[in-house]
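The sequence and the model are shown first.

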Amino acid sequence: MLWYKTLHIIFMITWFAGLFYLPRLFVYHSESSDNLDMKETFILMEKRLFTYIMNPAMILSWVFGILLISSIGLESLSFYWLQIKITMVLLLTFYHFFLYHCLESLRRGYSKYSPKFYRIINEVPTVLLIGIIFIVVFKPL
């Protein structure tokens, strides 16, 4: 069980690093409208971050989270705190795929979002991270 917990935390931290950094790249990318070389650099950076770091980290976070739940017993799914955590992780997963949509839009050159929008959505994983940590540490209800 400690292996599952350790690996879950490692991959969760890796996933969050990408979730924090990718929208920041989107800000710089969307502000570099005049510089084609910079745009190409951002497209490459965004794709590599998403494909080689964020996707594997998200998948492995889920895998080790599920293994962790199964090791403590599936009846733990009845705990209200765990249901809240899973809900927040689902929201985070939807956010992850929304970022992919943004990545593809920027790559194609027709993003409908402004740099200010990307700065604002960059706070989503922060709020969810704080909520998840408080829920897991204090286990209310």
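α2 passes α3 in a left-handed crossing. The model described here is predicted. Its largest pocket has a volume of about 630 Å³.

**Packing of α2 and α3**

- The axes of α2 and α3 lie 11 Å apart, and the two helices pack at an angle of about 160 degrees.
- Angles over 145 degrees count as roughly antiparallel, and α2 and α3 are therefore roughly antiparallel to each other.
- On the α2 side, the contact is made by Ile43, Glu46, Lys47, Phe50, Met54, Asn55, Met58, Trp62 and Ile69.
- On the α3 side, the contributing residues are Leu82, Ile86, Val89, Leu90, Thr93, His96, Phe97, Leu99, Tyr100, Leu103, Leu106 and Arg107.
- By residue class, the contact of α2 with α3 comprises 15 nonpolar, three polar and three charged residues.

**Lining of the largest pocket**

- The largest pocket, of about 630 Å³, is lined by 24 residues.
- Closest to the centre of this pocket are His8, Leu68, Leu82, Lys85 and Val136.
- At least two lining residues are supplied by each of α1 (2–31), α2 (36–72), α3 (80–108) and α5 (124–138).
- α2 provides the largest share of the lining, seven residues.
- The lining divides into 18 nonpolar, three polar and three charged residues.

**Where the two topics meet**

- Leu82 of α3 takes part in the contact with α2, and Leu82 is also among the residues closest to the centre of the largest pocket.

Notes. Residues are numbered from 1 along each chain as its sequence is written. This is a predicted model: local features need pLDDT of at least 70, side-chain atom pairs count only at pLDDT 80 or more; totals for chains, interfaces and linings use all residues. Side-chain values use heavy atoms; hydrogens and water are left out. On a 1 Å grid over the protein atoms alone, a cavity is a set of points where a 1.4 Å probe fits but cannot get out, and a pocket is an open set with protein on both sides within 12 Å along at least five of seven lines; lining residues have an atom within 4 Å of a point. Grid points are joined across faces, edges and corners, and a volume is the space filled by probe spheres set on the points. Helices (H or I, at least four residues) and strands (E, at least two) are DSSP runs, numbered from the N terminus. Ala, Val, Leu, Ile, Met, Phe, Trp, Tyr, Cys and Pro count as nonpolar, Asp, Glu, Lys and Arg as charged, and the others, Gly among them, as polar. Axes are lines fitted to C-alpha atoms, for helices over the stretch in contact, and angles run from 0 to 180 degrees between N-to-C directions. Angles under 35 degrees count as roughly parallel, over 145 as roughly antiparallel, 65 to 115 as roughly perpendicular and the rest as oblique. A crossing is left-handed if the near helix is turned anticlockwise from the far one by less than a right angle, and right-handed if clockwise. Contact means heavy atoms within 4.5 Å.
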